[in-house]
Each structure stands twice: as C-alpha cells, then as structure tokens.
Amino acid sequence: MRLLLTGAAGQVGWELAPRLAALGEVVAPERGALDLADAGALRARVRAARPDVIVNAAAYTAVDRAESEPAAAFAVNAAAPGVLAEEAKRLGAILVHYSTDYVFDGQKAAPYVEDDPPRPLGVYGRSKLDGERAIRASGCRHLILRTSWVYAGRGRNFLLTMLRLAAERPELRVVDDQRGAPTWARDIAVATARLLADPPEGLFHLTASGATTWYGFACAILQGAGLATPVRPIASSEYPTPARRPANSVLDSGRLRAAAGIVMPAWEEGLAGCLAELRRASS
Ligand SMILES: NC(=O)c1ccc[n+]([C@@H]2O[C@H](COP(=O)([O-])OP(=O)(O)OC[C@H]3O[C@@H](n4cnc5c(N)ncnc54)[C@H](OP(=O)(O)O)[C@@H]3O)[C@@H](O)[C@H]2O)c1
C-alpha cells in the first residue's frame, strides 16, 4: 500500500508517520517541499506519488490568527482538501481527512452527532467546514474524522502552554465556560491506523471519551505534572480572543464505535499517557 501523508511535522501527523509506515510505503513531503496553498504543486505531487491512501493531517490551525488571515486559512483548510479529493477520485484512492468540533456553534446542550447542523462561529471553523464539503462534493472515497482540543508532547498546544505558564506565573486564569474533549494526538493516530485496515467511509466524530472545560483540563495537567500553581476559573468574557469559540463542543463518537468498534480512551487517560511520555523524554 502506498500512502501520502501531509502535515507530518504537526501534532497528529508526527504521531501518524511511524504508524502509517507499518502499513506500507509512506511519502510525507515536508512543508518546505510541498505548500498545500499551492494547488498546482499539490496536484502534481499527488499524481507523482500515486498513493492508494492520502492522509491529510496538514491544516491551518491558528484559530485566532485565521480571523485576520482568512485567505490563508481557506487555501489550506478548504481549497487543498478539495484538490486532494479530486486527485483521490481520479486515482481511486481513499482520502482520510481531519476536521474540527469548531464547525458547531456550541448552543446544543448534549454532545453533537455528525448529522447536527454545523454553524461555525469563526473563520477557522468555516474554512474547515468548506473542506469537508469539498471532499464530499468530489465523490471520492473518504473518511472525515472530526476531532477536538488536540494536544501532544510537541507543537503548539494548550497542555504545553499551561506547563510553561505554570512555571512563569504565580497563578493561572483559565476559562471554565467552554466544554470539550481534550484529545491526545497519539490516540487519534492509533485509531486512524486501525481504521485503515478496513476503513469505514463518510463523516465520523473521533475524540477522547468524556469531557471537561479548559479550566478542568488545566487543573488536571498541573496535578498530573506535580505543579502546585493555583488555577482560577474565569468566564470567556474575561479572556477576549479574536475568534469566538463554542461553549459546548463535545462530540458524540457513537457512529464510529458502531461502524468500526473504535472506543477512544478517556481524556484523563490520554493526558496521563502524554505526561508520562514528557517525563520519560526529560529524564
Ligand atoms: N489542534 C487542535 O486543537 C485541533 C482541534 C480539532 C481538529 N483539529 C484538526 O486536526 C488536524 C491535525 O491538527 P494538528 O493539531 O496536528 O495541527 P498542527 O499541529 O497545527 O499541524 C498542522 C501541520 O500542517 C502544516 N501546514 C500548515 N499549513 C501548511 C501548508 N500551507 N502547506 C503544508 N503544510 C502546512 C503545519 O506546518 P507548520 O508547523 O509549518 O505550520 C503543521 O505541520 C487538522 O485537520 C486540524 O484542523 C485540530
């Protein structure tokens, strides 16, 4: 099996690379060698690689910056998946793509299911939703996995930010009125590799089990890391950001469980795994 992986230096892509290598021959061009915003270069690269599977882990993920850089966000999150989908269709390949909980407005009280109507609050969510739609419109074989609140031991993420700030500040203030499921990039990669053995097709939610708030996540991070810095819950209104975020973005992963038997670990378990890995790396 020949696999083309984009975004191999990102949180999810980094965890995917070794797991995909166990499945076949992986081509994973770095960003310097393949800019997803360059549709022509992207098309040529897929045609040269002739993959059986395309795994698109690249994305413009700067949620706040996207508000002032919509063209860049849409090029990578909407146009590029469309090109990958057209090329997958031509080749008869399957496209595995990641999307986000931020396609929802957060007004629903219960966890969101795949058929709930999306209504993104910001540019990032809109660009990701357009990417989903472009893939579906292409008619290619596809597996779209919406995930949430991704973190890892490397990259830019909430967990590493909290660990850094806890060492720098006497107290942390963290929003307590946004609920979601913090999901370890490794758990996403492990599930993806498992899914590739017999991929279901369509749109699925894939997040850690359970849910918390950013405040709850911050408390668990510090506790797990043995840090005593106090954490104070605040409202989103006390921490204004360029992009609005959904109050509830918990996703129901029941469809994927039913279709492929995937049960994701609890978010607390993923966090413990990631912190243990960070400890191992620093010892
Ligand atoms: N992070 C989250 O909290 C979150 C939540 C829900 C869903 N998701 C989705 O999950 C997937 C994986 O996210 P992640 O957290 O692994 O993202 P990430 O760590 O930000 O990695 C994204 C990768 O894409 C690369 N990239 C960005 N623009 C590119 C371009 N024009 N050409 C080539 N490569 C480019 C980035 O390169 P640079 O490092 O050079 O920018 C980076 O290596 C994405 O589809 C994302 O939308 C993420």
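Predicted model: local features only at pLDDT ≥ 70, side-chain atom pairs only at ≥ 80, totals over all residues.
## Around the ligand

Let's start with the ligand and its neighbours. The shell around the ligand holds 24 residues, and Arg31, Asp35, Thr61, Tyr124 and Lys128 come nearest. By type, the shell divides into 13 nonpolar, 7 polar and 4 charged residues.

From Lys128, a polar side-chain atom lies 2.7 Å from a ligand oxygen. The backbone takes part too: a polar backbone atom of Val150 is 2.9 Å from an oxygen atom of the ligand, and a backbone N or O atom of Tyr98 lies 3.2 Å from one. On its own the ligand has 900 Å² of accessible area, and the protein covers 84% of it. Helix H1 (11–21), strand S4 (94–100) and helix H4 (123–138) are the elements that give two or more residues to this shell. The largest share, 3 residues, comes from S4.

## Salt bridges across the chain

Side chains of opposite charge can pair when their charged atoms come close. The count for this model comes to 20 salt bridges.

One of them joins Glu114 and Arg255, with the closest N and O atoms 3.9 Å apart. Glu114 sits in the loop between S4 and H4 and Arg255 in helix H8 (residues 254–260), so this pair ties together parts that are 141 residues apart in sequence. Glu114 counts as buried because its relative accessibility is 7%, whereas Arg255, at 32%, counts as partly exposed.

Another salt bridge links Glu201 with Arg141, at 3.2 Å between the closest N and O atoms. Glu201 belongs to the loop between helix H6 (185–195) and strand S10 (202–205) and Arg141 to strand S5 (residues 141–147), so the pair connects parts 60 residues apart in sequence. Glu201 is partly exposed at 45% relative accessibility, and Arg141 is partly exposed at 37%.

Glu238 and Arg173 also meet in a salt bridge, 3.7 Å from N to O. Here the loop between strand S12 (231–234) and H8 is tied to strand S7 (residues 172–175), parts that are 65 residues apart in sequence. Beyond such pairs, salt bridges that share partners join Glu15, Arg19, Arg186, Glu277 and Arg280 into one network.

## A look at Glu69

Where does Glu69 lie? Glu69 is in the loop between strand S3 (53–56) and helix H3 (70–91). With 32% relative accessibility, Glu69 counts as partly exposed. Glu69 and Gly155 are 86 residues apart in sequence, and their C-alpha atoms are 21 Å apart in space.

Technical notes: Residues numbered from 1 in each chain as written. Heavy atoms only, no water. Helix = DSSP H or I, 4+ residues; strand = E, 2+ residues; numbered from the N terminus. Buried < 20%, exposed > 50% of the residue type's maximum accessible area, 1.4 Å probe, protein only. Near = heavy atom within 4 Å. Polar contact = N/O pair within 3.5 Å; in protein donor to acceptor, adjacent residues only side chain to side chain. Areas by Shrake-Rupley, 256 points an atom, 1.4 Å probe, with all protein chains shown as cover. Nonpolar A, V, L, I, M, F, W, Y, C, P; charged D, E, K, R; others polar. Salt bridge = Lys/Arg side-chain N within 4 Å of Asp/Glu carboxyl O.
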